[in-house]
Amino acid sequence: MTMMKAPTSTSYLILAPVAILLLVFLLSSLNRAGSDGLGVLCTRRAGAGQYTGVSARAEAEDVPEPELSLLVGILTMPKRRERRDIVRLAYALQPPPAAGARVDVRFVFCNVTDPVEAALVALEIMRHGDIIVLDCAENMNDGKTYAYFSSVPRLFAAAPYDYVMKTDDDTYLRVAALVEELRPRPRHDVYLGYGYNMSGDPMLFMHGMGYVMSWDLASWVSTAEEILARNDTLGPEDLMLGKWLNLAGKGKNRYDLKPRMYDLSWDMDNLRPDSVAVHMLKDNRRWATTLQYFNVTAGIRPSKLYHLP
């Protein structure tokens, strides 16, 4: 009787990429057959303001040019899948922004190198169409924010936004409120968020919970050789971005949204109805408290199929 050799670890490494490609091909076929590939974030089409998907943005010909457009990049990691599920729902169930505004929300990773994570991320991409994968090693303060802002102008050159935002996956952003803050602002040289200053000096930088730059500033970051020459991509990302702008004399139109952007306290007792962004939602309990405060599930219909407290 011939004995079969057990597969070696090398065999698995060779077969894993093939399996991932087959999975993506299969999902692509299924997607073409029965889905437009747009995810939960892309279903809020009622009213004039919209959350929209990648394919819709590229293919829609009958959608008028918005008065204001915003790209929201949520920096996260592939393994934080449960958090992305919560965040997708949290944004999808918000009222859409008022007339004339377009907001696109994307999750931002660096390179996905693990074959298992790559397969699962492929599922999300095919189903939701809301993920950007940058060409960098996954990190928080070693250049990911630079990679994001320097890549956006190239990735979306065909349809630039008015503003680009960086935020985190532990921040609950109230999109309509942010849009109304941006609506009367200039579309040039804007830097907006939770501002830090020292001894009454002008704001040095915006807190990493979430900040907005106008498109021209993101375009400048993508071409500013002095940032790389100074090795200024490494370090606390929010502080470093403020440094880039300060040294170049840019971001002169600065707007501090304190106290409407803030950290949720330890006792979770400082939520306020006019919030623009709530930060430090590090676990499901803090997310649940925040979503309940803003009555996100208030419209749930009674049914004999479920019994919720």
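Modeller: A disulfide is defined here as a pair of cysteine sulfur atoms within 2.5 Å. The structure above is a predicted model, in which local features need pLDDT of at least 70 and side-chain atom pairs count only at pLDDT 80 or more, while totals for chains, interfaces and linings use all residues. Residues are numbered from 1 along each chain as its sequence is written, and side-chain values use heavy atoms, with hydrogens and water left out.

Biologist: What does a disulfide join, and how many does a search of the whole structure find?

Modeller: In general, a disulfide is a covalent bond between the sulfur atoms of two cysteines. The search of the whole structure finds one. This disulfide joins Cys110 to Cys136, with an S to S distance of 2.0 Å. Cys110 lies in the loop between β3 (101-109) and α4, and Cys136 in the loop between β4 (131-133) and α5 (144-155), so the pair ties together parts that are 26 residues apart in sequence. Helices (H or I, at least four residues) and strands (E, at least two) are DSSP runs, numbered from the N terminus.

Biologist: Are Cys110 and Cys136 buried or exposed?

Modeller: Buried means under 20% relative accessible area, exposed over 50%, and partly exposed in between, with a 1.4 Å probe and protein chains only. Both Cys110 and Cys136 are buried.

Biologist: How many Å should helix α4 span?

Modeller: The expected span of a helix is 1.5 Å times one less than its number of residues. Helix α4 (residues 115-128) has 14 residues and should therefore span 20 Å; its end C-alpha atoms are 20 Å apart, which agrees. Its buried residues include Ala118, Val121 and Met126. After α4 comes Gly129, whose phi is positive, near 60°.

Biologist: How many aromatic pairs does a search of the whole structure find?

Modeller: Rings of Phe, Tyr and Trp (its six-membered ring) pair if their centres lie within 6.5 Å; planes under 30 degrees apart count as stacked, over 60 as edge-to-face and the rest as tilted. The search of the whole structure finds 11 aromatic pairs. One of them is the tilted pair of Tyr161 and Trp215, at 6.4 Å centre to centre and 40° between the planes. The rings of Tyr293 and Phe294 have centres 4.9 Å apart and planes at 90°, so this pair is edge-to-face. Tyr293 is partly exposed, with a relative accessible area of 34%, whereas Phe294 counts as buried at 14%.

Biologist: Which residue lies over the face of Tyr255?

Modeller: A charge sits over a ring if NZ of Lys or CZ of Arg is within 6 Å of the ring centre and within 35 degrees of the ring normal. Arg185 lies over the face of Tyr255, 4.2 Å from the ring centre.
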